[in-house]
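Work through the exercises below with the structure open. Each task is followed by a stepwise solution.

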Amino acid sequence: MIIEEGENLTETAKNTANISIIIVTYNAAGPLQQCLDSIYKQKYAAINIIVIDGESSDDTRKILQDNAKHIHFWVSEKDGGIYDAMNKALKYVKGDWVYFLGSDDELLPDFSKLAAELTDHNAIYYANVMYNSKKKSGELSAYFMAKVGIYHQAIIYPKAVFEKYQYAEKYKIAADYALNMQCYSDKNFHFIYKEYIIAQYNHTGISARFIDKPFEKDKAALILQNFGFKIWSRFKFRQLKKVLFGGVKDN
């Protein structure tokens with residue numbers, strides 16, 4: 001196990017919201033430096049980088065060592081998967097805001113614009129990502145938030161969310177989707193959309209290639225629990241249409 005703690009990326013300006021950017025890695029030597037460089041390019045100053053590595057066997061740890069002066073905290077040790085690593089990272093969060101970035105994703109300049117507008121500490125701010133050369137997904141209705149969810153890399157959370165919740169590790173791919181459902185029904189939080197494109201999201205990642213079967217099994221019950229009967233019944237009707245008629249578009 002390797003543990004290293006470095007300095008903040010820059011000195012946090014007084015009265016500026018501090019954002020912890022969490023990156024989870026495993027054998028990510030290929031894209032990792034480009035991911036880190038996209039953070040270093042941000043105009044927003046008050047950023048701490050936290051990296052949880054799953055004991056990579058490639059050059060990931062060397063890259064982290066080479067960037068140690070820019071990384072607030074990193075550790076390399078075995079973990080129980082993506083969300084176990086994310087939950088571990090939350091212990092090292094500094095400041096009031098939390099953002100998760102894939103090691104094969106990149107921040108875009110609009111991230112700094114959104115960061116400058118973080119004023120409501122009960123708000124979960126979300127914007128857009130570039131996914132397979134397309135802008136995704138705009139402002140979502142409650143139904144579409146329940147049906148398809150928000151891209152993880154589109155969201156900046158107030159730290160208060162993780163003082164109350166953690167990721168459910170039984171969901172290996174969609175635990176962030178499940179967390180957002182909980183937050184939607186929690187009267188202490190609300191979602192605010194901003195018209196920015198804050199990240200380049202890698203469309204070949206694990207969530208794009210695999211289905212989280214335990215989550216899909218629980219999805220309808222989670223929708224009923226967190227979004228209510230009206231949205232649940234619409235979702236179930238859509239499932240029935242799909243079974244009876246195939247790929248029917250759901251507007």
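**Exercise 1.** List what Ile 21 touches, leaving out residues up to four places away in sequence.

Solution. Step 1: apply the contact cut-off, heavy atoms within 4.5 Å. Step 2: read off the partners of Ile 21, which are Ile 39, Ile 47, Asn 48, Ile 49, Ile 50, Tyr 99, Leu 101, Leu 107 and Phe 111.

The model is predicted: local features need pLDDT of at least 70 and side-chain atom pairs pLDDT 80 or more, while totals for chains, interfaces and linings use all residues. Numbering runs from 1 along each chain as its sequence is written, and side-chain values use heavy atoms, without hydrogens and water.

**Exercise 2.** Describe how helix H7 packs with helix H9.

Solution. Step 1: locate H7 at residues 175–185 and H9 at residues 213–227. Step 2: take the angle, about 10°, and the distance between the axes, 9 Å. Step 3: H7 is therefore roughly parallel to H9, a term for angles under 35 degrees. Step 4: find the meeting residues, including Tyr 177 and Met 181 in H7 and Phe 215 and Leu 222 in H9.

**Exercise 3.** State what share of the 251 residues is buried.

Solution. The share is 49%.

Methods: Axes are lines fitted to C-alpha atoms, for helices over the stretch in contact, and angles run from 0 to 180 degrees between N-to-C directions. Helices (H or I, at least four residues) and strands (E, at least two) are DSSP runs, numbered from the N terminus. Angles under 35 degrees count as roughly parallel, over 145 as roughly antiparallel, 65 to 115 as roughly perpendicular and the rest as oblique. Buried means under 20% relative accessible area, exposed over 50%, partly exposed in between (1.4 Å probe, protein chains only).
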